Amino acid sequence: MSSAPLPTRLVLLSDLPALPAGEKVRLLGCVTGYDISTGTLTLKHAYPSSSATDCPTADVDVNLLLSTLKSTDTQIGEWVNLMGYIQTSEDGGKKRNRSRAGNGSGQGGIVRLQAVMLWSAGSVKLGEYAEAVEMRKGVRMGEGMNHLSQPSEKLPV
């Protein structure tokens, strides 16, 4: 049995509601709020939806990072990279994702994360980023790998 840390899974914020608690993820999100009293950073990324009101929200516990967190990392509108673990909700995990009140569609949900790393994303081309993550997910699931299954030249066995 290895004591190495779990591998990190690169995902879009919109993928979070379908993932199990305990999953270690890396994602990109836009800061939409920061509650200094609880150490909770709120992130959104409206991809693939065009409406920010029905997109999933990540409530990120950054208390473990307070000594290294920069003030710019918590500014509204800042894009940040995050590595962390999906947490169960306060209700003991019965409903990990709950709809945000006033959402209307009920499509968006709140996913709780425990941050282990957080850093500024700088200037990001969001469309290209989302396409790259989607393409990577397709390769991981076996799609788009036909060109890899037939080598162009034979290698010695």
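The questions and answers below concern a predicted model of a protein.

Me: How many helices and strands does the protein have, and in what order do the elements run?
Reply: The protein has two helices and six strands. Read from the N terminus on, the order of the elements is β-β-β-β-β-β-α-α.

Me: What share of the 157 residues in the protein is buried?
Reply: A residue counts as buried when its relative accessible area is under 20%. Among the 157 residues of the protein, the buried share is 36%.

Me: What share of the contacts with a separation of 6 or more comes from residues 24 or more positions apart?
Reply: Contact here means heavy atoms within 4.5 Å. Of the contacts with a separation of 6 or more, residues 24 or more positions apart account for 66%.

Me: In which sense do β4 and β6 pair, parallel or antiparallel?
Reply: Five bridges connect β4 and β6. The sense of the β4 and β6 pairing is parallel.

Me: How many bridges join β5 to β6?
Reply: β5 and β6 run antiparallel. Tyr85 stands opposite Gln114 in β6. The number of bridges that join β5 to β6 is seven.

Me: Is Gln114 buried or exposed?
Reply: Gln114 lies in strand β6. Its relative accessibility is 16%, and the cut-off for a buried residue is under 20%. Gln114 therefore counts as buried.

Me: Which backbone oxygen does the side chain of Gln114 reach?
Reply: Gln114 touches Asp61, Leu64, Met83, Gly84, Tyr85 and Gln87, not counting residues up to four places away in sequence. At 3.2 Å, the side chain of Gln114 reaches the backbone oxygen of Asp61.

Me: Why does Glu78 count as buried?
Reply: Glu78 is in the loop between β4 and β5. A buried residue has under 20% relative accessible area. Glu78 counts as buried because its relative accessible area is 19%.

Me: How far away is the nearest side chain of opposite charge to Glu78?
Reply: A salt bridge needs a side-chain nitrogen of Lys or Arg within 4 Å of a carboxyl oxygen of Asp or Glu. Glu78 has no salt bridge. The nearest side chain of opposite charge to Glu78 belongs to Lys70, at 9.2 Å.

Me: With which side chain does Glu78 make a polar contact of 2.7 Å?
Reply: Not counting residues up to four places away in sequence, Glu78 touches Gly29, Cys30, Val31, Thr72, Asp73 and Ser120. The polar contact of 2.7 Å joins the side chain of Glu78 to that of Ser120.

Me: How far apart in space are the C-alpha atoms of Glu78 and Ser123?
Reply: In sequence, Glu78 and Ser123 are 45 residues apart. From C-alpha to C-alpha, their separation in space is 9.6 Å.

Me: What distance separates the C-alpha atoms of Ala21 and Val111?
Reply: Ala21 is in the loop between β1 (9–10) and β2. Ala21 is partly exposed, with a relative accessible area of 40%. Although Ala21 and Val111 are 90 residues apart along the chain, their C-alpha atoms are separated by 9.5 Å.

Note on methods. Residues are numbered from 1 along each chain as its sequence is written. This is a predicted model: local features need pLDDT of at least 70, side-chain atom pairs count only at pLDDT 80 or more; totals for chains, interfaces and linings use all residues. Side-chain values use heavy atoms; hydrogens and water are left out. Helices (H or I, at least four residues) and strands (E, at least two) are DSSP runs, numbered from the N terminus. Buried means under 20% relative accessible area, exposed over 50%, partly exposed in between (1.4 Å probe, protein chains only). Lys and Arg count as positive and Asp and Glu as negative; His and the chain ends are not counted. A polar contact is a pair of N or O atoms within 3.5 Å; within protein, one must be able to donate a hydrogen and the other to accept it, and residues adjacent in sequence count only if both atoms are side-chain atoms. Two strands pair if DSSP finds at least two bridges between them.
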